[in-house]
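Reader: I'd like to go through this model with you and ask what stands behind the labels. Could you take me through them?

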Amino acid sequence: MTTTEPPAEHTATRRAWLREHSELGVCVLLLALGAVVLTDALTMDVALTQRGPVGPRTVPVAVGTGLLVVAVLLAVDVLRGGRGQAEGGEDVDLSEPADWRTVLLLAGVFLATAVLIEPVGFPVAGALLFWGAAYALGSRAFHRDPLIAAGLSLVTYAVFNNLLGVPLPGGPLMGVL
């Protein structure tokens, strides 16, 4: 019985090549993102009377095209031997693994904010976002952090809603604020 598995040498060489050219993963991501943006932009339903000299498709098409161009240029650079420089910051230890607890806490806080913003409004959801992010990033000042988060959320709501004219959902506090 014969197998069609490649020899171990070939597999090791292929893994080494992929490891040396790992930036190609970023190229694939940029390429996919550019294709999605362009597809959405070009399939956008825009009535002829709603368009001006620059229609709603202009920016998404420019961004999608830019993403595709950058993906191709980066791929060419990587295949020619270009490599991104390693982080040189003093406070970064590249030998340490990622802190997945912090990443998952932050992702959970962002997801909770997205779910809660409509029913409870931005002031409450924003306060939970700011406090949750502070907690996830290591702050344990339980008497101070919620007050700062509430103040920051109310100021953000007032600036966007009242000064900039960008309406944010107020939720149950709509009549009070």
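Author: What follows is a set of questions about labels, each answered by setting a value against its cut-off. Bear in mind that this is a predicted model.

Reader: Fine. What makes up the fold, going from the N terminus on?

Author: The elements run α-α-α-α-α-α, and the count is 6 helices and 0 strands. Of the 177 residues, 21% count as buried. As for contacts between residues at least 6 apart in sequence, 58% of them join residues at least 24 apart.

Reader: Let's take a helix pair. Why are helix 2 and helix 3 called roughly antiparallel?

Author: Helix 2 covers residues 24-42 and helix 3 covers residues 58-79, and they pack at an angle of about 160°. Angles over 145 degrees count as roughly antiparallel, so this pair gets that label. Their axes are 8 Å apart, and the crossing is left-handed.

Reader: Which residues of helix 2 and helix 3 meet?

Author: From helix 2 there are L24, V26, C27, L30, L31, L33, G34, A35, V37, L38, A41 and L42. Facing them from helix 3 are P60, V61, G64, T65, L67, L68, V70, A71, L74, A75, V78 and L79. By class, that contact divides into 21 nonpolar, 3 polar and no charged residues.

Reader: G64 is in that list. How do you know whether G64 is buried or exposed?

Author: G64, found in helix 3, has a relative accessible area of 0%. Buried means under 20%, so G64 is buried. Leaving out residues up to four places away in sequence, G64 touches G34, V37 and L38. Its C-alpha atom is also 7.8 Å from that of V36, a residue 28 places away along the chain.

Reader: And V72, what makes that one partly exposed?

Author: V72 is in helix 3 as well, with 47% relative accessibility. Exposed would need over 50% and buried under 20%, so V72 lands in between, as partly exposed. V72 and L24 are 48 residues apart in sequence, and their C-alpha atoms are 9.9 Å apart in space.

Reader: What does the contact of helix 5 with helix 6 consist of?

Author: F122, P123, G126, A127, F130, W131 and A134 of helix 5 are on one side. Sorted by class, that's 12 nonpolar, 3 polar and 1 charged.

Reader: D145 turns up there. How do you know that R144 and D145 form a salt bridge?

Author: Their side chains meet at 3.8 Å, N to O. The cut-off is 4 Å, so the pair qualifies as a salt bridge. The structure holds 1 salt bridge.

Reader: Are those two partners buried or exposed?

Author: They fall into separate classes. D145 has 8% relative accessibility, so it counts as buried, while R144, at 43%, counts as partly exposed.

Technical notes:
Residues are numbered from 1 along each chain as its sequence is written. This is a predicted model: local features need pLDDT of at least 70, side-chain atom pairs count only at pLDDT 80 or more; totals for chains, interfaces and linings use all residues. Side-chain values use heavy atoms; hydrogens and water are left out. Contact means heavy atoms within 4.5 Å. Helices (H or I, at least four residues) and strands (E, at least two) are DSSP runs, numbered from the N terminus. Ala, Val, Leu, Ile, Met, Phe, Trp, Tyr, Cys and Pro count as nonpolar, Asp, Glu, Lys and Arg as charged, and the others, Gly among them, as polar. Buried means under 20% relative accessible area, exposed over 50%, partly exposed in between (1.4 Å probe, protein chains only). Axes are lines fitted to C-alpha atoms, for helices over the stretch in contact, and angles run from 0 to 180 degrees between N-to-C directions. Angles under 35 degrees count as roughly parallel, over 145 as roughly antiparallel, 65 to 115 as roughly perpendicular and the rest as oblique. A crossing is left-handed if the near helix is turned anticlockwise from the far one by less than a right angle, and right-handed if clockwise.
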